[in-house]
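Morning, everyone. Let's take a quick walk through one model, strand by strand.

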Amino acid sequence: MSEPLTALDDLLGLMELEPIEQDIFRGTTGRPTLLPRVFGGQVAAQALVAAGRTVPADRPAHSLHSYFLRPGDPAAPIVYTVDRIRDGRSFTTRRVVAVQHGQPIFHLSASFQAHEEGLEHQEPMPAAPDPETLPTAAEMLPGHAGLLGGDEIVRRILEARAAVDLRYVDEPPFASVGEPREPRSQVWFRTNGKLADDPLLHVCLATYVSDMTLLDSVLLAHGRGGWAVGDVVGASLDHAMWFHRPFRADEWLLYDQESPTSQGGRGLARGRIFTQDGRLAVSVIQEGVIRVPHEEG
């Protein structure tokens, strides 16, 4: 299994896109994944990096809207083409298309805003235990090896997530297969190591992590264990985020997630990311394909 700091270095390396022409960048796909495709959070994060490279540093990202079009090939680089849609006095808009093998696999629109004072309020942070009192993934996952398909699957999950310290507040879907629960879940997360003081980097790494557990709440409503268990098949369809307040991805963040509905082979999930001192930093909405395997009818 990768050492946490090495894994974080590898992840940060993925955020260093290679400029190959004006507003065209190339990204690698080297991080391990459990499924035979590029992790969607990686593609979204790299696309946001590409957009941010064309925007003045004093305009942080405030929102992104994206669609996953095709599975990414983990054996091939991804080319990101940025369109400079608008450069206004307050807002800057960028469109990014990610391409592999001559076909678009991902589409992102992102907006950036110059600092501005204004009215302010927020929802209160929900109750959650101190993250330091919760088991780490390395402590929790081996106890569920039987449900997950063995020690090798556990090793691969830990390797895929080694750059991030992610701790479940309650049992994850794979720990309660066959027992429908309230469609709500919480995790604490932070990177496994300190990061540079670059706001875009912190936003991009939160984007990366935001795709890891958001659809868990859909699975909980139906007592499904998820992709590693094999009692559902699926993938992300679209993903939207709004960045409200500054935060650091190397400090504890609470990801509060819920699912209001599932239907038609799709499930919708909403998430709120809070800093440990209670500031609402990010709002997230995602819809994904979630299907029961054919052998179950």
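Start at Gly271: its bridge partner in strand 12 is Val284. Strand 11 (residues 266-275) and strand 12 run antiparallel, joined by nine bridges. Strands here are DSSP E runs of at least two residues, helices H or I runs of at least four, numbered from the N terminus. Two strands pair if DSSP finds at least two bridges between them.

Before going on: this is a predicted model, where local features need pLDDT of at least 70, side-chain atom pairs count only at pLDDT 80 or more, and totals for chains, interfaces and linings use all residues. Residues are numbered from 1 along each chain as its sequence is written, and side-chain values use heavy atoms, with hydrogens and water left out.

Back to the hairpin of strands 11 and 12. Four residues sit between the strands, and Gly278 takes a positive phi near 100 degrees. Strand 12 (residues 280-291) is mostly covered, with ten of its twelve residues buried. Buried means under 20% relative accessible area, exposed over 50%, partly exposed in between (1.4 Å probe, protein chains only).

On to strand 9. Ten bridges join strand 9 to strand 12, again antiparallel. His239 has Gln286 as its bridge partner in strand 12.

Twelve strands form an open, antiparallel sheet, ordered 1-2-4-5-6-3-9-12-11-10-8-7. Strand 1 (18-21) and strand 7 (164-168) are the edges; each has a single partner strand, so one side of each lacks a neighbour in the sheet.

Last, helix 2 (residues 40-52). Which of its residues are buried? 13 of the 13, so helix 2 is largely enclosed by the rest of the structure.

Note on methods: Expected span 1.5 Å × (residues − 1).
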